[in-house]
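Q: I would like to learn how to read the features of a protein model. Where do we begin?

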Amino acid sequence: MPAALKHCPSIHGHRGARGRRPENTLAAVEYALRHGADGVEVDLCITADDAVVVHHDLRLNPDTTRDARGRWVTGRAPIRALKRAELRRFDVGRLRPGSVTALRFAGQTPVDGARIPLLEEFVDWMAQRGAGATLNLECKSDPRQPELAPPPGDYAARVADELARLRPVGPIFLQSFDWALVAALKQAMQRRQLPCKTGFTTPRPLTPARLQAARDAGVEVFSCDYRGLTQTLLHQARDMGLEVCAWTVNAEADIARMAEWGVDTVTTDYPERARKLPTVDP
């Protein structure tokens with residue numbers, strides 16, 4: 001049995017619980033909450049008719065998507081080019097056999113008939129079952145392909161308007177790899193007087209300059225690939241008043257290491273693994 005942890009970070013299920021249920025589906029959200037997740041991380045995209053939907057890729061993913069006749073899609077149609085009613089016809093409840101994704105997540109249980117949820121459906125689900133769990137919302141956008149998402153100001157306004165209308169029960173955390181979008185989200189939420197945390201998400205390499213940029217922009221969270229995180233960077237983030245969210249941490253040994261270092265939040269495809277680790281009072 002591993003040594004007891006003195007610090008237990010907040011555990012967020014990645015894309016719900018991608019290792020166990022189809023990603024970004026209500027079934028994955030349900031699994032994460034049932035296995036003790038403190039929050040659920042899902043991804044947001046904007047459709048052609050400006051609906052906010054829960055989906056990771058800015059295009060349909062052939063490894064996860066079947067059409068109304070059960071055929072695996074062969075193209076990668078942009079989410080931004082499809083209306084919400086069109087998206088509802090796709091089944092995202094199973095991984096395409098033989099695909100890299102299916103091999104990587106061989107323990108995922110299919111949920112045939114699962115659809116791409118609206119943000120509204122996700123928020124309602126969390127309100128009914130989440131008991132105040134954090135809504136960790138990653139807004140997908142690629143500045144190199146501006147046609148795949150609205151401009152940052154419009155995108156942020158759409159998400160903030162939806163959250164203002166829905167009034168989620170749990171805390172809200174908004175993050176993105178598109179730092180201009182994060183800045184717009186922070187302003188939009190402030191204008192609507194909606195409390196939330198915002199974070200810059202960044203891949204490797206991680207540098208003090210990125211931490212400084214995050215602090216200067218006024219975000220609260222530095223969200224990063226755990227493989228590039230060091231204790232020195234973590235201490236620097238602390239000195240700057242930033243929380244640290246480490247993703248996507250799946251091995252029990254890595255989860256334990258992040259906990260021992262004092263990371264604030266761990267995002268994982270397997271929330272039950274994090275909850276298996278014993279803890280002790282500080």
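A: Begin with burial: a residue is called buried when its relative accessible area is under 20%, exposed when over 50%, and partly exposed in between. Note also that this is a predicted model.

Q: Which class does Phe200 fall into, buried or exposed?
A: Phe200 has 3% relative accessibility, so Phe200 counts as buried.

Q: How is a pair of aromatic rings described?
A: Two quantities are used: the distance of the centres and the angle of the planes. Searching the whole structure gives 2 aromatic pairs. In one, the ring centres of Phe177 and Trp247 are 5.9 Å apart and the planes stand at 75 degrees, so this pair is edge-to-face.

Q: Where in the chain do Phe177 and Trp247 lie?
A: Phe177 is in the loop between S5 and H6, while Trp247 belongs to strand S8 (residues 243-247). They are 70 residues apart, and the pair links distant parts of the chain. Phe177 is partly exposed at 36% relative accessibility, and Trp247 is buried at 18%.

Q: What is the arrangement of Trp179 and Phe200?
A: Trp179 and Phe200 are stacked, with 3.9 Å from centre to centre and 10 degrees between the planes. This pair also links distant parts of the chain: Trp179 sits in helix H6 and Phe200 in strand S6 (residues 197-202), 21 residues apart. Trp179 has a relative accessible area of 22% and is therefore partly exposed.

Q: Which charged side chains lie over the face of a ring?
A: Arg66 lies over the face of Trp72, 5.4 Å from the ring centre. Arg257 lies over the face of Trp261, at 5.2 Å from the ring centre.

Q: How do I read a nonpolar core?
A: A core is a set of buried nonpolar residues joined through side-chain atoms within 4.5 Å. The largest one here has 36 residues, and the members that touch the most others are Leu44, Leu119, Phe122, Leu137, Val159 and Leu163. Several elements each supply at least two residues, among them helix H1 (26-34), strand S2 (39-46), helix H4 (119-129) and helix H5 (152-166). The largest share, 6 residues, comes from H5.

Q: Which residues does Leu44 touch?
A: Not counting residues up to four places away in sequence, Leu44 touches a set including Val52, Val54, Leu119, Leu137, Tyr155 and Val159. There is also a second, separate core of 26 residues, which includes Leu229, Leu242, Val249 and Met258.

Q: What should I check for a polar residue such as Ser141?
A: Check its place, its burial and its partners. Ser141 is found in the loop between S4 and H5. Its relative accessible area is 17%, so Ser141 is buried. The side chains of Ser141 and Asp178 are joined by a polar contact of 2.8 Å. Leaving aside neighbours within four places in sequence, the residues in contact with Ser141 are Leu58, Ala149, Tyr155, Asp178 and Leu181.

Q: How do I read a strand with neighbours, and which strands join S9?
A: Look at its partners, then at its two faces. Strand S1 (residues 10-14) runs parallel to S9 and is joined to S9 by 4 bridges. S8 also runs parallel to S9, with 2 bridges. Val266 in S9 has Ile11 opposite, and Ala246 likewise stands opposite Val266. Both faces of S9 (residues 265-268) are covered: Thr265 and Thr267 on one side, and Val266 and Thr268 on the other, are all buried.

Key:
Residues numbered from 1 in each chain as written. Predicted model: local features only at pLDDT ≥ 70, side-chain atom pairs only at ≥ 80, totals over all residues. Heavy atoms only, no water. Buried < 20%, exposed > 50% of the residue type's maximum accessible area, 1.4 Å probe, protein only. Contact = heavy atoms within 4.5 Å. Polar contact = N/O pair within 3.5 Å; in protein donor to acceptor, adjacent residues only side chain to side chain. Phe/Tyr/Trp six-rings, centres within 6.5 Å; stacked < 30°, edge-to-face > 60°. Lys NZ or Arg CZ within 6 Å of the ring centre and 35° of its normal. Pairing = 2+ DSSP bridges.
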